[in-house]
Amino acid sequence: GGLTSELWRLDVEDSLVPWWTLVSAGGVTPSPRASAALVVVLGTLYVHGGEAPGGNATDSVVHSLRITGGAAGAEWNATAPPGGPGRRAGHTWTAVGDSYAFMSGGVPFTNRTHLFRAGPNPAWRDISHITGGAPAVRGGSAGTLGLQYLHFGGRYP
């Protein structure tokens, strides 16, 4: 099968019958990929990493799309904030608090945990020295409970 860079939205707020919509946005759309990480913070959708054709990890760029108020007229942007986790695929990225997100795991296998600060000047911080080693797994799932980051499962190297 092939890869895609399509972004789909499931609308549920205005109807008892939800429906899928293909989001159309301008700017530089991320390249087609699988196993990318996606998070929404402060009304902006962020995409990082993933697998390119051939199974290699894609770039380490953070792609963003402002989505509050609908995606009409929205434009993709790309940035590479310093201190980022590099190329990853199969990793988790989960919002915590008002303007932050945790990223961990993925391929290449690593036990590094990075904190992402969203906003007009996004930034990364490797917090592994504070938190200790995270599970060096690929394909786990993650979520938050208040200010707690939860990571479940995955595949070890």
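Guide: Strands of a sheet pair through backbone hydrogen bonds, either parallel or antiparallel. Here strand E6 (residues 62–66) pairs with strand E7 (residues 75–79) in the antiparallel sense, over four bridges. Two strands pair if DSSP finds at least two bridges between them, and strands are DSSP runs of at least two E residues, helices runs of at least four H or I residues, numbered from the N terminus. The model is predicted: local features need pLDDT of at least 70 and side-chain atom pairs count only at pLDDT 80 or more, whereas totals for chains, interfaces and linings use all residues. Residues are numbered from 1 along each chain as its sequence is written, and side-chain values use heavy atoms, leaving out hydrogens and water.

Visitor: What is the bridge partner of Leu65 in E7?

Guide: The partner is Trp76.

Visitor: In what order do the five strands of the open sheet lie?

Guide: The order is E3-E7-E6-E5-E4, with mixed pairing. Strand E3 (26–27) and strand E4 (37–41) are the edge strands, each pairing on one side only.

Visitor: How many helices and strands does the protein chain have?

Guide: The protein chain has one helix and 13 strands. Its radius of gyration, taken over C-alpha atoms, is 16 Å, close to the 15 Å of the globule rule for 157 residues, so the chain is as compact as a globular protein of that length. That rule is 2.2 Å times the number of residues to the power 0.38.

Visitor: How much of the protein chain is buried?

Guide: Buried means under 20% relative accessible area (1.4 Å probe, protein chains only); 36% of the 157 residues qualify.

Methods:
Buried < 20%, exposed > 50% of the residue type's maximum accessible area, 1.4 Å probe, protein only.
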